[in-house]
Amino acid sequence: MIERNRRGLEVVYAESREAIEAVLDRVEVAVGDVPRDLVARAPRLKWYQQLGTGVDWLLRHPEAVERPFVLT
């Protein structure tokens, strides 16, 4: 589902990997359970808010460490 807010920002609610991949090149902020390999591949990602604790997934995806996004 895609919505636009008052400021014209696009908000995408995606539950499947395929839906996330379809918008991956436009994602600047991601929240939730995003497949970690996709986090590393999002070219415009500025901020990833994961819902769980721990960042040990970065050991399995070192390419994400090189990306300039904020992880909270």
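This report covers the fold, sheet, aromatic pair, salt bridges and surface of a predicted model.

## Basis of the model

Residues are numbered from 1 along each chain as its sequence is written, and side-chain values use heavy atoms, with hydrogens and water left out. Because the model is predicted, local features need pLDDT of at least 70 and side-chain atom pairs count only at pLDDT 80 or more, while totals for chains, interfaces and linings use all residues.

## Overall fold

The protein has 4 helices and 5 strands. Helices (H or I, at least four residues) and strands (E, at least two) are DSSP runs, numbered from the N terminus. Along the sequence, the pattern reads β-β-α-β-α-β-α-α-β.

Of the 72 residues, 26% are buried. Buried means under 20% relative accessible area, exposed means over 50%, and partly exposed lies in between (1.4 Å probe, protein chains only). The protein exposes about 5,300 Å², and carbon and sulfur atoms supply 54% of that area. Accessible areas come from the Shrake-Rupley method with a 1.4 Å probe; for residues, only the protein chains shown count as cover. Take the contacts between residues at least 6 apart in sequence: 16% of them join residues at least 24 apart. Contact here means heavy atoms within 4.5 Å.

## The parallel sheet

An open sheet is formed by 3 strands in the order β3-β4-β5, with parallel pairing. Its edge strands are β3 (29-31) and β5 (70-71), each pairing on one side only. Two strands pair if DSSP finds at least two bridges between them. Strands β3 and β4 run parallel and are joined by 3 bridges. Val 31 stands opposite Gln 49 in β4.

## The aromatic pair

The whole structure holds 1 aromatic pair. The ring centres of Tyr 48 and Trp 57 are 6.3 Å apart and the planes meet at 80°, so the pair is edge-to-face. Rings of Phe, Tyr and Trp (its six-membered ring) pair if their centres lie within 6.5 Å; planes under 30 degrees apart count as stacked, over 60 as edge-to-face and the rest as tilted.

Tyr 48 is buried, at 0% relative accessible area. Trp 57 is buried too, at 2%.

Leu 58 lies in helix α3. Its relative accessible area is 19%, so Leu 58 is buried. Beyond its neighbours within four places in sequence, Leu 58 contacts Ala 64, Val 65 and Leu 71. Its C-alpha atom is 9.6 Å from that of Asp 37, 21 residues away along the chain.

His 61 sits in the loop between α3 and α4 (62-65). At 18% relative accessibility, His 61 is buried. Setting aside neighbours within four places, His 61 contacts Arg 36 and Asp 37. Pro 62 and Ala 40 are 22 residues apart in sequence, with 8.5 Å between their C-alpha atoms.

## Salt bridges

The count is 7 salt bridges. A salt bridge is a side-chain nitrogen of Lys or Arg within 4 Å of a carboxyl oxygen of Asp or Glu. Arg 41 bridges Glu 21, with the closest N and O atoms 3.9 Å apart. This pair links distant parts of the chain: Arg 41 is in helix α2 (residues 36-41) and Glu 21 in helix α1 (residues 17-23), 20 residues apart. Arg 41 is partly exposed at 47%, and Glu 21 is partly exposed at 34%.

Glu 28 forms a salt bridge with Arg 44 (2.6 Å, N to O). Glu 28 is in the loop between α1 and β3, and Arg 44 is in the loop between α2 and β4, 16 residues apart. Glu 28 also bridges Lys 46 (3.4 Å, N to O). Lys 46 lies in the loop between α2 and β4, 18 residues from Glu 28. Salt bridges that share partners join Arg 17, Glu 21, Asp 37 and Arg 41 into one network. Glu 28 is partly exposed at 28%, as is Arg 44 at 42%. Lys 46 is exposed at 51%.

## A nonpolar surface patch

Val 29, Val 31, Trp 47, Leu 51 and Val 70 form a nonpolar surface patch, with about 490 Å² of accessible area together. Patches are made of residues with over 30% relative accessible area and no salt bridge: like charges are joined within 9 Å, nonpolar side chains (Val, Leu, Ile, Met, Phe, Trp, Tyr) within 5 Å. Leu 51 is in the loop between β4 (47-49) and α3 (57-60). Leu 51 is exposed, at 66% relative accessibility.
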